[in-house]
Amino acid sequence: MIAQTHRVLSFFLGRRDIYRPVMFSRNEVFCGPDVGDQTDPETGRLVTARTPVGAFDAATFATRLAPEDQQPDVVVVKADGTRRLLPRNLDRLPGIKVLVLGDSHHQLRPLKTLLDYASREPFDIICTDHDRHHLHWFQEAGFPEVHWMPLLNLHLHETPDDLERLPRLAFTGGLVSDSHRYRRYLIGLARRANLPVDAQILPQAESARFFAESVVSFNCSLNGDLNLRIGEVAGAGGCLLTDRLAPQSGLSTLLREGREMLCYGSPEELVSLARDCLASPAAALAIARAGRDRIRREHNAEVKALEFNDLVFDRRSPDAYCLPQRRTSVPVRRGPDLERRRRLYETIQDLHRLSGSLTLRLPTDLLDDRDDFVDLPRLRLARDDAPLPPFDTTPCHMRHHGVAVLTLAEIPSAEDGLPPQVLRRAPWETILLFDGDGVLPGALSPPVERLRAWGYTAQGDRPEVFTLDRPDVLLRVLLDAGDRSALEAIVPALDGLPLPGACIRACHAVLADSDMEAERLTLLLRATMIRRADPALLTTFAKTLEPIDATNAAMAWSEVGRVQPPAAHPDVLAKLDRLEASHPEIRAILDSLPVTARGIKAEARSKGNPMRILTVTNFYPPDELGGYGRYMWELVRGLRARGHMVRILCGLRPDTAIPPDERDRHDVHRDLILFGDFGARGIEINEALRPIAETRNAGAVLRAAVDFQADICLIGNLDLIGTRLLHAMLDAPYPAVHTMGNPGPYSPAEIPDHDHYLACPLSHAQSEGMIESGLHFPHTRVLSPGVRVDLFHRVFMPSLDLPRLCFAGLNMQYKGLHLAIDCFIRLHALAIPFEATVIGGTLTPDFLEGEKARLQRAGLGDRVQVLGERPHVELPTILANHNIFLFPSQFEEPFGMAQVEAMASGLCVIGSAAGGSGEVLRHGYNGLVHERQSAKAMTNAVQYLVEHPDDWRALASQGRLDAWKYSVEVFAAGIEQALSDTRAKLP
């Protein structure tokens, strides 16, 4: 029976309903920042009371309680690293003071927080329920009464014995928080392994039934802690499958592995054990019942209250809860040495939280500290002379993480600037810099400057932590020093690190006469996947592959032919001919590719008679703004390839450089008058010039049609040249097909009413938008625009070693540039490594400068390149250096050519699917769609790809395939049919 006489004043975090109805006594008051005030209806006394958040005076707070409750026999405080509940001045309250240590396995410096708090208040007893492995810090700090009370807060809920067990891997709990990266990774891994994962967030009582109705239930500690779900799953009668913790956690004291629970020590073991349970539900049920019986026998509410009373009043606890001897190799050391060890441990502990597994290198003079880290289950200690395993490319940092602790004495003071031997043996991903007394180095101290010179960057909230942001800098230092032995030691560990192609080529050259052929080939393959349009890389890769893999060598040579200057093209074709002669199967493989060095697959010629097509538009390359002019240029090219004759009539802005022989070579006539231009506020019209320009433009079109002997007119963008020319053409009569990048300057009254006029919006969304705005065209046909997919297509898919993000388009707010910048800042805050490029011009330079300033303030000035406007011919190469394309447009896009170009290049598109762009981008099929105006949703999409590389690869591959639906050849065929059909309607 739970004691009823002792007055207990409890301070706990969390809602009252998540705890047992009676925690330690029937005469207790439960307080905390997450509960409300509640009175006993019979006595009128407070039974729950809300406290302030953070630190507050406990004695002052107690004056709110009934007089008898202000004189407690026991005061219990559960505090943790969040600092949300820190009652002060407990000495002014009577009774025995008990500190229950909450979460000390995450947050910033949680052990320091709790050690400082425990030393400032007069606690008689310190205990913990789920961080047993941290109690030695309090013992070493001199606290005499330190105890373990497992499952102290466990609230058991009854479940029927005869529930049907459903074949699923059940889980309840949080997955979204950044604290749960490893748990989220394992859930994703289980799903990719086709396990029937059912992850939900449920109230406690419903969770108990959920576990009891499942064949097996998954659990994962946040960071080596004995979490409450262990008791909840087993106590509900679920078959517990949890991560195998270090012996110091006490897990094996609660349940026996293989008989009362199942434990996994790796992602592979998790999948294997879950499959075994699902295949043998009877065996899983036997484990579940054994675990339930033990938890309900040894950790029910009566037992917990009795154990608590024994501890508080008699300083007695079960023998099974005794703490083990912690440090075995050296005696306990206190004072400054303990503080240095604690600081080092907390830093390593947090890196352990962010890693799938961790290798830790300690210098010789810190080897005595190795016992501190044995309670981190996914950590192993490396010998000082041991090489670092290859960097793992597993996403979301759930990978093998190399951490080396360096003392200030190990940083060389020589002027040659060469790194110490430990960095010449392995490119440690993280460096922790400590001196012998735990004093941190200054931000501008020589050791810090040297680490920066070797490619390491300090983390903002942990100044002793340096990450290898620029491994190419470290390699360049070794290359310049000619340290071949260091290169040979480091190269095998480079897999997964972001390296520029030039640096990889240099390493490859240095190792060319070594025996490391496999390592050199791996380097080249990675470089080729990162810089897929680099002719020098592709050439080296093709040459290296020839004696090993002729087929892939041929594809590499084909790519060389596509990206090299035309002068080198014949040599590449001759190389391909020789390879095909010696390997006949290569011809069929290359023929199966949509585009090779020999060009795109044979373009279809017109099935009808060639037409003479007069094309009229406002801007035409090189005079263009956005993608519309380029799309008209590609359409003209496609129509000419199909055998039609095309003349272009357009306007000209005064600052545009035009080739002198343009009329003769390209039949482009820039004779139309523009009555305005585009500015920061959109179209800026010169109303005085407008009537004159419209009249002259109408005359110019009619003269051109007669002179060219046009069969039909293809109309583009009419902004700034007016609609009068279209009406004049139709009245002549000449048939016209109007491909509409936007509704144009039409009012409903200006819409042509001719059977031989066809309006061709670029998407169904654009067509519906025009109808909603009152623009009802008598004849319409949706025709998606053509994209030079053949220029952007890449045979090799990009490397997924880290997100390489690209935003390409007008650097304007309506295009969502500010959201892309927000995404970069959020990724940086999540400690997700990435590279990013922003391309495009702007009509609002103040807005662009403001966004660039935001990047600088966030410390991303070097990581995000803002290239400005670039010639379109450079875009295929730029895109080939990335693997994710951001298209967060905020207005109703008519189509969205840029995302098709990115798809063709093998990038996974993350977009808002605004307007017509949503007809190309299909969520979960060929890309990811995020909520419009939400940088957080965009960031989540990037994080999803990082955590699900198989999905990332599949989405990008499908996008590359789908891009061919929007090729210029397909568009030209559609326009040709529209022109032919419209021409046939002439009276």
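**A walk through the strands and helices**

Let's start at one pair of residues: Thr-359 sits opposite Gly-402 in strand E18. Before I go on, this is a predicted model, where local features need pLDDT of at least 70 and side-chain atom pairs count only at pLDDT 80 or more, while totals for chains, interfaces and linings use all residues. Residues are numbered from 1 along each chain as its sequence is written, and side-chain values use heavy atoms, with hydrogens and water left out.

A quick word on terms: helices (H or I, at least four residues) and strands (E, at least two) are DSSP runs, numbered from the N terminus. Two strands pair if DSSP finds at least two bridges between them.

So, back to strand E16, residues 357-361. E16 is joined to E18 (residues 400-407) by five bridges, and the two run parallel. Strand E17, residues 379-382, is also parallel to E16, with four bridges joining them. There, Leu-360 stands opposite Leu-381 in E17. Buried here means under 20% relative accessible area, with exposed over 50% and partly exposed in between (1.4 Å probe, protein chains only).

Another open sheet has six strands, ordered E26-E25-E24-E29-E30-E31, with parallel pairing. At the edges we have strand E26 (668-669) and strand E31 (757-761), each pairing on one side only. E24 (residues 612-616) and E29 (residues 712-715) share four bridges, again in the parallel sense, and Leu-614 stands opposite Cys-713 in E29. What packs on this sheet? Helix H22, residues 628-641, does, touching E24, strand E25 (645-649), E29 and strand E30 (736-740). The direction of H22 makes about 135 degrees with that of E30; axes are lines fitted to C-alpha atoms, for helices over the stretch in contact, and angles run from 0 to 180 degrees between N-to-C directions.

On to helix H8, residues 267-279: 13 residues, reaching 19 Å from first C-alpha to last, close to the 18 Å expected at 1.5 Å a residue. That expected span is 1.5 Å times one less than the number of residues. Its buried residues include Leu-270, Leu-273 and Cys-277. The buried residues of H8 pack against several neighbours, among them helix H4 (181-192), strand E11 (166-172) and helix H9 (281-298). Contact means heavy atoms within 4.5 Å.

Last, the whole chain. There are 34 helices and 37 strands, and 57% of the 987 residues count as buried. Among contacts between residues at least 6 apart in sequence, 68% join residues at least 24 apart.
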